[in-house]
Amino acid sequence: MTRYKMASMVFLVLFALALSNSPLWAGATAGTGQGAIVAMPGPGKKIPIGNDGYIIYSFDKKPKIGMLIMKVEVYTRDGKRDTSLEILGDAGMPSMKGAHETGDQPFRLSRKGDYLLPVNIVMPGDWEIRLTIRKDGRVIFRGSHGFDV
Ligand SMILES: [Cu+2]
């Protein structure tokens, strides 16, 4: 093997390694593997979050125009409340990308230990809320809930 060929092979390997760690690559592979966004079952259902327990989410009312409060209850594997996580919610309309996306907003912990996030539904149509759950700064779950208003 020539010196040139050797050098270009090393370059290719380094390039592939760099690519596999970049956020761009993570975005391109969303939908497979660890970073997958789970289409969550409906409100009131237990949804496993990795090996760390489960969540149950609900809304303060049937979604309609106006302020909607999303509530997420987090439980450990043995059914105890867990308030140690960080939950973010990004709401928007999939059919109107960029029009109403809120970006990741933090859920606030209530005194009862519920995670709460107000979502402003500004027009009728298809809406989606995407959850990101972090434990000790590490993302352990991503899920989405789509609904029509
Ligand atoms: Cu819209």
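Which residue in E4 stands opposite Tyr-54? The residue in that position is Tyr-75. The structure is a predicted model, in which local features need pLDDT of at least 70 and side-chain atom pairs count only at pLDDT 80 or more, while totals for chains, interfaces and linings use all residues. Residues are numbered from 1 along each chain as its sequence is written.

The chain contains 2 helices and 10 strands; helices (H or I, at least four residues) and strands (E, at least two) are DSSP runs, numbered from the N terminus. Along the sequence, the elements follow the pattern α-α-β-β-β-β-β-β-β-β-β-β.

An open sheet is formed by 5 strands in the order E2-E3-E4-E8-E7, with antiparallel pairing. Strand E2 (47-48) and strand E7 (108-109) stand at the edges with a single partner strand each, so one side of each has no neighbour in the sheet. Two strands pair if DSSP finds at least two bridges between them; E3 and E4 pair in the antiparallel sense over 6 bridges.

Of the 149 residues of the chain, 15% count as buried, that is, 20 or more other C-beta atoms, placed from the backbone, lie within 10 Å of the residue's own.

Technical notes: Buried ≥ 20, exposed ≤ 12 C-beta atoms within 10 Å, placed from the backbone.
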